[in-house]
Amino acid sequence: MENKDSDLRWLTSIVKENFQVKNSKPYHKSDLVSTISEYSIPYVTRTNYNNGLEDLVIHTNEVTPNDVNTIAFGAENAKFFYQPFKYITGNKMYFIENKQINKHNGVFLQLCFDNSIKSAGFGYGKGLTGTRFNNRKILLPITKLSSCLEDKR
């Protein structure tokens with residue numbers, strides 16, 4: 001179905017109305033072992049580079065990974081990273097869940113989240129905590145078709 005520009009609308013929404021923001025269990029890099037093997041798991045931190053990926057580490061029974069298709073973010077760098085794989089994180093990291101996040105919309109949502117805070121002053125002096133992000137307003141696209149479906153739920 002072709003989407004006409006006139007069918008697209010932007011809806012202002014509060015994050016906690018559509019998503020769950022959770023603390024990610026922190027792991028310290030000195031406790032992990034780097035590896036590139038079938039048993040490795042991504043280690044995502046507050047770096048601004050490489051989608052937050054700092055390293056690949058051995059996945060042991062001692063680590064509890066975050067689910068696939070979530071969006072991670074760090075308090076101090078206030079940058080969002082769509083994660084298509086299970087992963088673990090460093091200190092002061094959060095993740096965003098919604099069962100509808102997938103590889104097709106995850107990166108787009110990441111950009112929507114980035115845009116929602118770009119002039120809010122988050123950084124090392126003012127960290128983006130889960131509570132602060134939960135209460136942020138974001139713009140999400142909807143179409144006439146999707147808004148009709150929402151009304152019938």
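1. Phe19 and its contacts. In this predicted model, Phe19 touches Ile96, Glu97, Asn98, Ile101, Leu109, Phe113, Asn134, Ile138 and Leu140, leaving aside residues up to four places away in sequence.

2. The largest nonpolar core. Phe19 also belongs to the largest nonpolar core, which has 21 residues. Together with Phe80, Ile96, Phe113 and Phe133, Phe19 is among the members that touch the most other members. Two or more residues each come from β5 (70-74), β6 (80-83), β8 (93-97), α2 (106-117) and β9 (137-143). Helix α2 gives the largest share, 4 residues.

3. In soluble globular proteins, nonpolar side chains tend to be buried together.

4. Helix α2. The buried residues of the helix are Gly106, Leu109, Gln110, Cys112, Phe113, Asp114, Ser116 and Ile117. Two of these, Leu109 and Phe113, are touched by Phe19.

5. A nonpolar patch on the surface. Leu8, Trp10, Phe108 and Leu139 form this patch, and together they have about 380 Å² of accessible area. Leu8 is placed in strand β1 (residues 8-14). Is Leu8 buried, partly exposed or exposed? Its relative accessibility is 32%, so Leu8 counts as partly exposed, given that buried means under 20% and exposed over 50%.

How values were computed. Residues are numbered from 1 along each chain as its sequence is written. This is a predicted model: local features need pLDDT of at least 70, side-chain atom pairs count only at pLDDT 80 or more; totals for chains, interfaces and linings use all residues. Side-chain values use heavy atoms; hydrogens and water are left out. A nonpolar core is a set of buried Ala, Val, Leu, Ile, Met, Phe, Trp, Tyr and Cys residues joined through side-chain atoms within 4.5 Å. Buried means under 20% relative accessible area, exposed over 50%, partly exposed in between (1.4 Å probe, protein chains only). Contact means heavy atoms within 4.5 Å. Patches are made of residues with over 30% relative accessible area and no salt bridge: like charges are joined within 9 Å, nonpolar side chains (Val, Leu, Ile, Met, Phe, Trp, Tyr) within 5 Å. Accessible areas come from the Shrake-Rupley method with a 1.4 Å probe; for residues, only the protein chains shown count as cover. A salt bridge is a side-chain nitrogen of Lys or Arg within 4 Å of a carboxyl oxygen of Asp or Glu.
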